[in-house]
Amino acid sequence: MFAFTFMRHAFVASTFIALTCGVIGVFVVARQLSFLAHMLSEIGFAGAAFGAFLGISPLIGMLLFTLASSLLISSLSVERVQRESTISAVSSLFIGSGILFLALANQSSSYATDILFGSIVGISQSGVWQLVVLSLVVLLTIWLIFRPLQFDSFDSVGAKANGVHSRVIGIIFLILLAMSVSVGAQIVGSMLVFILLTLPASIAKALGHSMKQLLLISVAAALFGVWLGLWLGYLTNWPVTFFIALIEVICYMLALLVQKRRNG
């Protein structure tokens, strides 16, 4: 498998994507932002399509749209129910906009499929370096703000009482989430990136009892899914995204069974 250059690129890219999504996913689940991650993935689709329309890299288009949207969302001060309704409306708008941009760019249906569902085996060396740099930026930033981010994610009331600037931490986290969506979309596509941002962390939540365990289990589940999915995709020539989704769902179901037996 590693005799082929494109498979080596895919392995490196998928490894860094899994590391990034596995780590930040723990905080996505803790902060109950799974729905937001889904919305940003749809916005990422519109951004990638906009990049195709302008003739620039889809990754750059994703970053522009998801970062701008994250900053906009962070400024919303409406109630939670209203915010979710607003997110639904914004998601619908961006999906329609993405379809429009693809139509104006005169791109083929295969290009649209790559944006929506990923094309990890077609990633170039320059694309790999872009993903590695973005992943390292996200992971380094999380390491720098780890303690206040952990406090605010798992005990927001206590964090505010102890002087943690929750709003600043929230804005930084939304920016990191936007970058992670753009990175993760390169392997599983903009429509399914929330799989890597939520399921490995949900598996960790069902099995782990400490922050260290949550991070280790989440990263391990993400790596297991992308590595095995990549290998099965190579053997069968079926979409890697299908295998990643299937593996993560099976692991999640098994984790729930283990949790139920442990609690029962």
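Ile56 sits in the loop between H2 and H3, where helices are DSSP runs of H or I with at least four residues, strands are E runs of at least two, and both are numbered from the N terminus. Because its relative accessibility is 33%, Ile56 counts as partly exposed, a class lying between buried (under 20%) and exposed (over 50%), with a 1.4 Å probe and protein chains only. The model is predicted, with local features needing pLDDT of at least 70 and side-chain atom pairs counting only at pLDDT 80 or more, whereas totals for chains, interfaces and linings use all residues. Residues are numbered from 1 along each chain as its sequence is written, and side-chain values use heavy atoms, leaving out hydrogens and water.

**Helix H1**
- Helix H1, residues 5–30, holds 26 residues and spans 38 Å from first to last C-alpha, close to the 38 Å expected at 1.5 Å a residue, the expectation being 1.5 Å times one less than the number of residues.
- A kink of about 30° in H1 is centred on Ile24, the bend being the angle between axes fitted to the seven residues ending there and the seven starting there.
- Just after H1, Gln32 adopts a positive phi of about 55°.

**Segments annotated in the record**
- The unreviewed UniProt entry places "transmembrane region" features at several stretches, including residues 167–185 and 214–234, although such annotations may be inferred rather than shown by experiment.
- Residues 167–185 are 100% helix and 0% strand, with end C-alpha atoms 27 Å apart.
- Residues 214–234 are likewise 100% helix and 0% strand, and their end C-alpha atoms are 30 Å apart.
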